[in-house]
Amino acid sequence: MATNNYNGAIIGLDAQFANQSSFQQDIDRVERALYLGKEQGKEQSNSQGNEQANKASSEITLSDCQQAVTRMASANQVNSSDIKLVLVAQNTDFDTSTIDCTISDNAIVVNSLAKALVQIDLLVSQNNLVALVGVNLVAHLSGQSASESELSSSATISFDQNFNGYQACYGIAALLFSSVSFAQSNNSYVYSWLKGFAVGNDVQATTQSALQNAEVKPLDIGLIEVSALADNKLALTESTALIASYGHEEALTTAISCARSVTGEGKGFSQVLGLLRTVIALQQRYIPAISDWQQPQESELDKWQTSNFYLPTESRPWYPHPDSSAHFAAYSCLSSEDALAGNNDYCHVILAENKTTDSSEKHPADDIRHNGFIACSELQLILITGNDQQAILTRLTALETELEFSQSCIHEFALSCFDVYKSKSAEHSYTVSLLCESKEELIKEIQLAKAGIVSALSPDNANNEWRTPKGSYFSATPVNADKNTNNVTFLYPGIGATYVGLGRDLFHLFPEIHQDVANLADDIGASLKDRLLNPRTIIRPDFKALKQLDLNLRGNLADIAEAGVGFACVFTKVFENVFNVKADYATGYSMGEVSMYAALGAWQQPGLMSARLANSDTFNHRLCGELLTLREHWGLDDHADENTDDELIWETYTIKATLDEVITASDGEDRVYCTIINTPDSLLLGGYPEDCLRVIKKLGVRAMPLNMANAIHSAPANKEYDDMVELYTMDVMPRLKTKMYSSSCYLPVPQMSKAIAHSVAKCLCDRVDFPRLINTLHNQGARVFIEMGPGRSLCSWVDKILDFTAKSPVDSASDSESANKARVAVPVNAKGTSDELTYLRAIAKLVSHGVKLDLQTLFNGSIIVKKEL
């Protein structure tokens, strides 16, 4: 890419920190804490074992600074003696001669990032490598008074009306700077480019100078990391100046973040950590959360609400620009009370994302930005294999004994067990999957497993499985016992399950999917309905507000259809790109059929669907919105009549009843339709609300309205058949190996443009018989059902359908054999549960059933990119 407009490159990262509650001893754990907005607990995942893992926080010293520089040098294959050192420490009374001379003969020590950047700019212009290290050592904390060192442990930042102080923290944050020419000639990995900066005493003037120096406009900046110092006067000065500098042109455009909401106050360490966090957010393509943010101070609320800013309460993806241009971020750094006292101790830094533009692709496949987010998690998967009950119990007992006496952490146990699993799983019949977050929890899971496995393997146990609330799992009847084929079916749910916050963490958990998903549409953020699913706000939405946002989302068929299709692609790419699982079969529930074709790559350009749905009269006005097709079909007044604006003419209800019972009860009701059969005794009833309630009363059952006013799967929808065929007619890719089944015919659909278009149109006009669809797939050999979307409704229905089929009379011996075959249904998303936990629970279940997966990303990974020799 063109780099002549950059002041330097950031080619190395390192950090560790500690506060009253935890110790994050490496860059990956620091990165994880910054993303989550909270520290991890005391269980450490350090390969050097318990001695380092239990290292007292008071031992963070200047030698750790030396080690940080050495690690950055090693990753870049340069000599640490070639690196100049600039230390930022607000207490400068320590002896820098204790630093090994192999790092720097003359370490420059300053008390502000502003002064440090001036030094770095000079040194880099002379083609030096420069390590910027911010420190706050425990020796400096020990001399503080209780009022300074025992501040509140609450989160949030000083811009918040509920703020009452930061907890004390100490640590080391480091970045390695080089010139642009060195980064290019040395083939260094660039985490971020230094686009420009300015230092001064006046926050507003300095900010404007930085923007001018970097040649960017305020609206170009997608993220600003702020200092938000505890002093109310300084916090107000900073926020007021930033609001004035960044303007009021476009509300909710630029996110505010602050690392102090996670770590607390760490003086020199905090100054550099803010810069480090901004670099990480750019490189990892996410907008960080402000931990426990509520709302601005009441006196400042109006200013914030008319500004360009928003204050995210959860980390969320930072999707690429439609033109694939680089993202820009800024860092506003006030060093202390002296920053505005004429010492030029305020700085404003502009950073640019490192984008690969020398490729014919907008989002090159090789631009995968790995991290160690899952690998360094406290949540670990322990895999135990064996050929029989005794072998498994023996291995569990051995592991239990080892846990009691070993000083290793659970991550080391997980790695060790994974190595055994890789070498033995093919020849062993059974696998036990244990999930835990500490040694103590692992011991408890082992104790539960001992009894549970014996029970599951008992001939008298019809259940044949063991599980715990945590997610540990064992199957006594693995679906893929022969290990030769997976027999996997991807199930694509309908659009109604989409909710605010869906899939928020998936791109950070699985960065391998980013490029493929980004290439699906010109504006993938718009296609995934970023602003609807990840609302931008000034005030944290409460429960009532979130519920209303969900209702608003569900009320627009085109929006939720587009988001449903997009996230089907996301869920599919996780299994295909990360776990190397391809579908043998696939099907969709209602509009999930559209998701199926898009996610599996049947269409050449599925991204074209975005504009088509956005401009679709059928899905915006005729079968949803004003419901014009219904009004015409039923002879109702046109919606343009002001007296009909609030009239509800369609509602869908879920009820417990059979199709035959509904047909009988709805005899003579022309405006009531059974739209979908979910299970043999559960279905959806849709139509004119008053008429539907009359039928429901006849049935004598309870009904739950779904608050979805769309009239697909009903007789009136047939009026839109031709328009839907045109809408879904798109060029197709070469034939896929996956057999894609449709509820339009309950057969595999030929991968031809018109065949797919007619299949979708017929599916959306006809009633869906989901039990028939699942039984058809099961009879064809499908055994593993994975739900590729929000919720677990399809999995629940699959279990009920196949249980019902197994107990029902069958027509032949082959049907009887198929009905009793082992199978498993696995969801990968649950509203209210973290994506990480849900996926690990799913993997635990699939592994125990013998499904072949690539599990490397669960055990290995780091944000650090090491230069190859």
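**Salt bridges, sheets and cores**

Modeller: Let me begin with a charged pair: Lys470 and Glu437 make a salt bridge, with their closest N and O atoms 2.3 Å apart. Bear in mind that this is a predicted model.

Biologist: Where do Lys470 and Glu437 lie?

Modeller: Lys470 is in the loop between strand E17 (465-467) and strand E18 (473-475), while Glu437 is in the loop between strand E16 (430-436) and helix H15 (439-457), so the pair ties together parts that are 33 residues apart in sequence.

Biologist: And is Lys470 buried or exposed?

Modeller: Lys470 is buried, because its relative accessible area is 17% and the cut-off for buried is under 20%. Glu437 counts as partly exposed, at 31%.

Biologist: How many salt bridges does the whole structure have?

Modeller: The search finds 31 salt bridges. One of them joins the side chains of Asp14 and Arg71, at 2.8 Å from N to O. Asp14 sits in strand E1 and Arg71 in helix H3 (residues 62-75), so this pair links distant parts of the chain, 57 residues apart.

Biologist: How accessible are Asp14 and Arg71?

Modeller: Asp14 is buried, with a relative accessible area of 6%. Arg71 is partly exposed, at 39%.

Biologist: What does Arg369 pair with?

Modeller: Arg369 forms a salt bridge with Glu353, and the closest N and O atoms are 2.8 Å apart. Both residues are in the loop between strand E14 (346-352) and strand E15 (380-386), 16 residues apart. Arg369 and Glu353 are both buried.

Biologist: Which residues are linked with them in a network of salt bridges?

Modeller: The network consists of Arg285, Glu353, Asp367 and Arg369.

Biologist: Switching topic: what about Thr652, where is that?

Modeller: Thr652 lies in strand E21 (residues 651-656). Thr652 is buried, at 8% relative accessibility.

Biologist: Which residue's side chain makes a polar contact with Thr652?

Modeller: That would be Trp650, whose side chain meets the side chain of Thr652 at 3.0 Å. Leaving out residues up to four places away in sequence, Thr652 also touches several others, including Leu684, Gly686, Met704 and Asn710.

Biologist: Which residue stands opposite Thr652 in E23?

Modeller: Gly686 does. Six bridges join E21 to E23 (residues 682-687), and the two strands run antiparallel. E21 is also joined to strand E24 (residues 703-705), by three bridges and again antiparallel, with Thr654 opposite Met704.

Biologist: There's an open sheet too. What is the order of its six strands?

Modeller: The order is E26-E25-E20-E19-E28-E29, with mixed pairing. Strand E26 (747-748) and strand E29 (824-827) are at the edges and have a single partner strand each, so one side of each is left without a neighbour in the sheet.

Biologist: How is E28 joined to E29?

Modeller: Four bridges connect strand E28 (residues 784-787) to E29, and the strands run parallel. Val784 is opposite Val824 in E29.

Biologist: On to the inside. How many residues does the largest nonpolar core have?

Modeller: The largest nonpolar core has 202 residues, and Phe490, Phe575, Phe579, Tyr728 and Leu855 have the most contacts inside it. Helix H21 (residues 557-578) gives the most to this core, with 12 residues. Another core, of 67 residues, lies apart from it, with Trp193, Ala210, Ala214 and Phe309 among them.

Biologist: What does Phe490 touch?

Modeller: Not counting residues up to four places away in sequence, its contacts include Phe575, Val581, Tyr585, Leu600, Ile786 and Met788.

Biologist: How many disulfides are found?

Modeller: Zero, across the whole structure. Take Cys763: the closest cysteine sulfur, in Cys765, is 9.0 Å from its own sulfur, too far for a bond. Cys763 is buried, at 1% relative accessibility, and Cys624 is buried too, at 4%.

Biologist: Last one: how far apart are Tyr6 and Ala352 in space?

Modeller: They are 8.6 Å apart, C-alpha to C-alpha, although 346 residues separate them in sequence. Tyr6 is in the segment before strand E1 (8-19) and is buried, with a relative accessible area of 13%.

Terms used
Residues are numbered from 1 along each chain as its sequence is written. This is a predicted model: local features need pLDDT of at least 70, side-chain atom pairs count only at pLDDT 80 or more; totals for chains, interfaces and linings use all residues. Side-chain values use heavy atoms; hydrogens and water are left out. Buried means under 20% relative accessible area, exposed over 50%, partly exposed in between (1.4 Å probe, protein chains only). Two strands pair if DSSP finds at least two bridges between them. A disulfide is a pair of cysteine sulfur atoms within 2.5 Å. A polar contact is a pair of N or O atoms within 3.5 Å; within protein, one must be able to donate a hydrogen and the other to accept it, and residues adjacent in sequence count only if both atoms are side-chain atoms. Contact means heavy atoms within 4.5 Å. A nonpolar core is a set of buried Ala, Val, Leu, Ile, Met, Phe, Trp, Tyr and Cys residues joined through side-chain atoms within 4.5 Å. A salt bridge is a side-chain nitrogen of Lys or Arg within 4 Å of a carboxyl oxygen of Asp or Glu.
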